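Here is a short walk through the model for someone opening it for the first time. Please keep the view open while reading the points.

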Amino acid sequence: MPMADTPLLRIEHLSKRYGGNSIFAGVTLTLMPGECLALLGESGVGKSTLLNCIAGLDDATAGEVWLAQQHVGALDEAQRAALRRQHLGFVFQAFHVLPHLTVRDNVSLPFRLLGQPFHTEVDAVLRDVGLAPQAAFMPAQLSGGQLQRVAIARALVHRPQLILADEPTGNLDPDTAERVLDLLLSRVRQQGAGCLIVTHSRAAARRADRVLRLTARGILPETTPAEPSGA
Ligand SMILES: Nc1ncnc2c1ncn2[C@@H]1O[C@H](COP(=O)(O)OP(=O)(O)OP(=O)(O)O)[C@@H](O)[C@H]1O
Ligand SMILES: [Mg+2]
């Protein structure tokens, strides 16, 4: 269990440029155990890029990311991979479900990579996301929303300290989206994990502890009241 008064994630003055183009600058953020943040922002502002920089899958141009008390920018590739395996669950916007593995084997991957046994947890999380009947299916046999739930199950199964989720309910109907959010939030509340959810869903944002907006000049608190409809 993480220490309650130590941030899971600390971002200081982070900026990202691609060549001459500034994507974002001045991003500063702290995420504590047990906290769920929703991150809004218009398309192209750099939300996925920011998540990639947090996970050490991309390098920021300036600034620092501290994840589980480690300075991500100071780690080499092998150390970053180890940090991700041990502490992070990542729901990619494009899912990145491996096409040659069954649903169950995709969801088992975090345990395989950690060299740990996994049977009961994998089946439990498949049930939680409503995919128990599809456990032996190949990804090509799934719908978009089912693939998204494989990605979510894989990100949660090993109970990581920090969950980064890039529009995790974008392909789901409102009831399934609600169920997936329940699952994410119960992990955060029960385990003292943290989560950062990129979302365009007002319903998802309403359930977060804080709602923030990524802009080209940094992260701002979201002040617009959430609409009652338009999940
Ligand atoms: N490898 C790259 N080279 C150059 N520009 C890139 C690269 N990757 C991303 N970008 C640019 O960075 C910007 C931010 O992209 P990103 O995917 O992070 O946006 P986003 O906020 O996640 O958008 P969306 O809501 O549509 O998913 C975009 O303008 C994109 O064109
Ligand atoms: Mg994106």
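1. In what order do the six strands of the open sheet run? The order is β6-β7-β8-β3-β9-β10, and the pairing is mixed. Bear in mind that this is a predicted model. The edges of this sheet are β6 (88–91) and β10, and each of them pairs on one side only. On average, neighbouring strands here are turned by 20° against each other, direction ignored.

2. Strand β7 covers residues 162–166, and strand β8 covers residues 194–198. Five bridges join β7 and β8 in the parallel sense.

3. Strand β9 (residues 210–215) and strand β10 (residues 218–221) run antiparallel, joined by four bridges. A hairpin links β9 to β10 through two residues. For orientation, Leu212 has Pro221 in β10 as its bridge partner.

4. Now turn to the four-stranded sheet. This sheet is open too, with the order β2-β1-β4-β5 and antiparallel pairing. Its edge strands are β2 (21–31) and β5 (70–71), each pairing on one side only. As background, strands of a sheet pair through backbone hydrogen bonds, either parallel or antiparallel.

5. Seven bridges pair β1 with β2 in the antiparallel sense. Five bridges pair β1 with β4, again in the antiparallel sense. Ile11 shows both sides of this arrangement. The bridge partner of Ile11 in β2 is Leu29, and Ile11 stands opposite Val65 in β4. Further along, Leu14 has Val27 in β2 as its bridge partner.

6. Which residue takes a positive phi in the hairpin of β1 and β2? It is Gly19, with a phi near 60°. That hairpin has two residues between the strands. The hairpin of β4 and β5 also has two residues between them, and Ala68 in its turn has a positive phi of about 50°. β4 and β5 run antiparallel and are joined by two bridges. Trp66 stands opposite His71 in β5.

7. A helix covers part of this sheet. Helix α1 (residues 47–54) lies across β1, β2 and β4 (62–67). The helix runs at about 125° to β1.

8. Which element gives the largest share of the shell around ligand 1? That element is α1, with three residues. The ligand is surrounded by Tyr18, Ile23, Gly41, Ser43, Gly44, Val45, Gly46, Lys47, Ser48, Thr49 and Gln93. By class, this shell holds seven polar, three nonpolar and one charged residues.

9. Two helix pairs remain, both involving α5. Packed helices are described by the angle between their axes and the distance between the axes. Helix α5 (residues 144–156) and helix α6 (residues 174–191) pack at about 5°, with axes 12 Å apart. Angles under 35 degrees count as roughly parallel, and α5 and α6 are therefore roughly parallel to each other. On the α5 side, the contact is made by Gly145, Arg149, Ile152 and Leu156. On the α6 side, it is made by Thr176, Val180, Leu183 and Arg187. The residues of this contact divide into four nonpolar, two polar and two charged.

10. The second pair is α3 with α5. Helix α3 (residues 103–114) packs against α5 at an angle of about 30°, with the axes 7 Å apart. α3 and α5 are therefore roughly parallel to each other. The crossing of α3 past α5 is right-handed. From α3 the contact uses Val103, Asn106, Val107, Leu109 and Pro110. From α5 it uses Val150, Ala153 and Arg154. By class, the contact of α3 with α5 has six nonpolar, one polar and one charged residues.

Notes: Residues are numbered from 1 along each chain as its sequence is written. Chains are lettered from A and ligands numbered from 1 in the order in which they are written. This is a predicted model: local features need pLDDT of at least 70, side-chain atom pairs count only at pLDDT 80 or more; totals for chains, interfaces and linings use all residues. Two strands pair if DSSP finds at least two bridges between them. Two residues are in contact if their C-beta atoms, placed from the backbone, lie within 7 Å. Axes are lines fitted to C-alpha atoms, for helices over the stretch in contact, and angles run from 0 to 180 degrees between N-to-C directions. A residue is near a molecule or strand if its C-beta atom, placed from the backbone, lies within 6 Å of it. Ala, Val, Leu, Ile, Met, Phe, Trp, Tyr, Cys and Pro count as nonpolar, Asp, Glu, Lys and Arg as charged, and the others, Gly among them, as polar. Angles under 35 degrees count as roughly parallel, over 145 as roughly antiparallel, 65 to 115 as roughly perpendicular and the rest as oblique. A crossing is left-handed if the near helix is turned anticlockwise from the far one by less than a right angle, and right-handed if clockwise.
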